[in-house]
Amino acid sequence: MNCPSKSQRPHLSTILSPLSFGPSPADYSFPWHLYIVLSRCMRVRDFADRGDAGISRDADDSDEVRHEGHSPSADLLASSYAQQLEQLGVLQEAIFVLLHIEGSAGREKAIKDLLARSADKLDEWMTSGILGSLKIPLAWVNEAKRPEAVIRNDLELLRSLFEGMSSNTVQGWYFRGKAYLDYVHVMTRIPELHAQIDPYAVPDAAQEEELEKFSRSVPKLIGVLPDILSSNSNFLHQVALAEMISGLTSVLDQVRPLALILSPLSFGLSLVDYSFPFARSTLNPYLTALLTFLSTWTARAYQSPSGFV
C-alpha cells in the first residue's frame, strides 16, 4: 500500500477541527493536545502557515540550527482551547495553555486579559498556584486585582498591592502604580483634612499649602485614569474608572467649591486654554462657557480690594 505524498496529505488544520473528534464544534481539548504531540513533541506535522525564520550557526560555526517561525493557526488553537477552559472555571489550566502562544506580546496580553476577567477568583490559593506553578509575574496578578479593589473601595488592598514596588524596577510605575497610590492617598488624606479644618476659621499655612497641592494634582490624576483603565471591553475597568473619578470629585468638593476646582486656573491654564486632556475630553461647549465665566468672575473678585462683589 502506497503512502500518500506530502502534497496529498490533508492539511493539519482540517484534521484538527473539533468536529473530527466529536459532535461539538467548540471542544478544542483533543485537537490542542494532539497538535502539541505532533508538532512540539514528535515534530512530524505542523500547520501550513508556520513561517521559516531561517538558519543560523552556533558559536563554533560547525552546526546549522534551523529556527521556526510563527504560526497564527497554532496561537488561534491555543486561544480557543484556553477560552473553553476559562468557561469551565479552570483558570490555572487556561493560563497554562495560553503560555503556548508563541508571540510574547500576544501571550502577555492574553494572560493579562484572562486575569482581569477573573479578578474575583484570584484568592490566596489561586494566586499561589499561578505564581508558583506557572511562574506568572506578581505584577500581572496585582494589575488584575486593582479594578476589583477599587469597586469594593478596599483602599488597604490597593495600598498593599503597590507598597514595596520600586519605581526603578517596575515598568510603567509612574503611569500605573503610582497613580493608584496617589488615588489611595487622596481618598484618605482629604477627608482627614476636611475633619481637621474649622470651616469658620482660616487654615494654617501647612494645611493651606496641602490643599493647594491637591487642587492642582487631583484634576491631573483624574485626567490620566482613562488611559490606565482603558479597556472598553472589560466591564470591571469601566466600573472602576467611574468609581475612581466619582470618588476623587466627591472628596475634592469637600475641600473647595467645585466651580473653583474645575476652573482653568486650577489646572494652571489660561482662561481659554482647555488643552489639558481631562478638560478637553469631558467638557462640553456649554460647560466650557460656564467655567470660563466663573473663572473670569473669580479672577476679578480676587483682584478687587473688597473681594467678591
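The buried residues of H6 (buried: under 20% relative accessible area, 1.4 Å probe, protein chains only) pack against helix H4 (91-98), H5 and helix H7 (138-151). Helices here are DSSP runs of H or I with at least four residues, numbered from the N terminus. This is a predicted model, in which local features need pLDDT of at least 70, side-chain atom pairs count only at pLDDT 80 or more, and totals for chains, interfaces and linings use all residues. Residues are numbered from 1 along each chain as its sequence is written, and side-chain values use heavy atoms, with hydrogens and water left out.

**Helix H6**
- Met126, Thr127, Gly129 and Ile130 are the buried residues of H6 (residues 124-132).
- These residues lie on the same side of H6 because they cover an arc of only 160° around the axis, taken from the directions from the helix axis to the C-beta atoms.
- Glu124 and Trp125, which are exposed (over 50%), sit on the face of H6 turned away from its buried side.

**Nonpolar cores**
- A nonpolar core is a set of buried Ala, Val, Leu, Ile, Met, Phe, Trp, Tyr and Cys residues joined through side-chain atoms within 4.5 Å.
- The largest has 31 residues, and Tyr35, Ile95, Leu115, Leu122, Ile130 and Ile136 have the most contacts inside it.
- Helix H2 (29-41), helix H3 (72-87), H4, H5, H6 and H7 each supply at least two residues of this core; H3 gives the largest share, 6 residues.
- Apart from this core lies another, of 29 residues, including Leu158 and Phe214.

How values were computed
Contact means heavy atoms within 4.5 Å.
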